[in-house]
Amino acid sequence: MLDKLLFRYIGNAKKYIVVSVLLMMSRVVGSFLIALSLGRVLRDLFLQTTANYVAIIFIFLLGFALRSVSLYLVTRYQTKITGEVKTNLRTEMISKAMRIGPSYLNYTSTANMINMGSDTIEQLENYYGRFLPQFFGSFGMSLVTFIVLLPISLFSALLFLILAPIIPLMLKAILEMVARKQRKYWGSYQDVGQLFLDSLQGMTTLKIFSADEKRAEEIHEKSEIFRIETMNILRMQLRSITLIEWIAYGGSIALMAVGLPSIPFTPGNVAAMVVLIFMSLEAFSPMSTLTSSFHVAMTGVAAGKNLIDFFALPEQDEKDKNEIRDDAEDITINNLTFTYPGSERRVLEGVNASFGKPRFTAIVGASGSGKSTLVRLITGQVDGCEEAIYWGNRAYSTYKKQSVTENMIRISHDAHVFEKSVRRNLMMGKKTATDDELIDALKTVRLYDEIEQRGGLDLDIQSGGSNLSGGQKQRLVLARALLRNARVYVFDEATSNIDIESESVILKVMKDMAQDHIVILVSHRLYAGKDADKIYVLDDGKITEEGTFEELLARNGIYRQLWQAQARFETEDQQWLYGTSSESEMNS
């Protein structure tokens, strides 16, 4: 019932659990004092003697205070436990993702990461906050009950010692069945969640292609499976809780049936009999509470398996690895061949390339040629072939992964802006940046004048940058990257699906950056890389051509064919932007 892997992340919450257990034990003491005070009142009535009501009221109030305060404080400490553990889990999750680097996407999807960071950790709240304190507390409370029963009735105390472990043993026996059903339940929950998230993100596409009804049917089917699994879980919980309740009530009756006959029925023993009855009725309540929290907690444990699996992902031992030094300038690729795990197809084969400083280099090719895989290998988003990629005179495998990612920025067409002010988005690039530096960066990408009247640096960015145009969003991302002043900038289809003016600005900034940095452009659109110092042409995973724009056109090869094909579909505005307004140049 106690998951060792989950228990590892409890951190400082252990002390809160210990305090909670002591409070639960004091609650039983409070129950005993209340029973004792009532028993003394009845005893004095039977004996027809004057009761010491001051002492009785004091005992009763003390017992009531212990019960009430203990219950209140236990709830408070459970909140502290969950707060501590959720912080630990989320911190470890972020740290793990940082240690693995962008290649964590090889092991799990973004949707799963979102799910683990929110729903999974929230589900574990019941395991850490309710189940663990109740698990240890139920044994502590049972110990106090045994100590109370022992001087009153030896037989009742011994019987309780025998019956008390039955409920935990039963929970242990059904654990495997519960875990199996909880895994199915949580798996169906994740299926529904991922399908819903995917549908929400692609709602516009689904509408355009009239595929929304089909997707609605898929969501309905997944939801129905989830409903069935939920009902199976509830049915199992109801049956087990009912069985445990019968055992608890039966155990209480058994304690009274065994204990009461062993106590002589005299007025002087009335207090002891009242205490026995009262404590017998409450003896198994901690175990009953443990049963209800057990089922809720097991849902969290089933959900937590994915999180634990993520924490267990392999990491490279980087203690003896190097930081990237200032004298490491060029990035070179030597005979790189790459195949994705589980596939026999070579995505890249025999690739040789060099990216110098300062230089503007473009990697172009048709869709499926291997551009995205190559750039992901260069930026460390995909593991593999680290021996074939060099930065300076050392292979990637000799460098710390974090050192590679810290010195390199990849700007993609779907780069993310956060739901914060423009200032806070920009300061992610440089935490110590002054407002003047932020404004200069915005002016460099020609964005400041466009947002100045809307609040300037204090303009709040809405979710996903919805209050910015596509071009404005991309220029904001570029301004943030400029503030970082990385050694290498990789533009991965960064000028796709944006307006002509924004594209022109981004291309100019790229050329200016290439004076002091390594700039790599990856694009299927040849116009974007026309002015590059060197162009590599990828075709079916191989570099088939390399050279400047003029050299590639003169060879009458794949690049020239792609150029002419794309030129026919370019608008007059795009032709003017790239200086190709004359039909003779486009077909030269």
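The second largest cavity of this predicted model is lined by Arg27, Val28, Ser31, Arg67, Met141, Thr145, Met279, Glu282, Ser285 and Pro286, where a cavity is a set of points, on a 1 Å grid over the protein atoms alone, at which a 1.4 Å probe fits but cannot get out, and lining residues have an atom within 4 Å of a point. Helix 2 (13-47), helix 4 (110-152), helix 9 (270-283) and helix 10 (285-311) are the elements that give two or more residues to this lining. Local features need pLDDT of at least 70 and side-chain atom pairs count only at pLDDT 80 or more, whereas totals for chains, interfaces and linings use all residues. Residues are numbered from 1 along each chain as its sequence is written, and side-chain values use heavy atoms, with hydrogens and water left out.

**Cavity**
- The second largest cavity holds about 80 Å³ of space, and the count of cavities of 30 Å³ or more comes to two.
- Helix 2 supplies the largest share of the lining, three residues, and by class the lining has four nonpolar, three polar and three charged residues.

**Whole chain**
- The chain has 21 helices and ten strands, which are DSSP runs (H or I, at least four residues, for helices; E, at least two, for strands) numbered from the N terminus.
- Buried residues make up 47% of the 588 residues in the chain.

Conventions:
Buried < 20%, exposed > 50% of the residue type's maximum accessible area, 1.4 Å probe, protein only. 1 Å grid on protein atoms, 1.4 Å probe; cavity = no way out; pocket = protein on both sides within 12 Å on 5 of 7 lines; lining within 4 Å. Points joined across faces, edges and corners; volume = space filled by probe spheres on them. Nonpolar A, V, L, I, M, F, W, Y, C, P; charged D, E, K, R; others polar.
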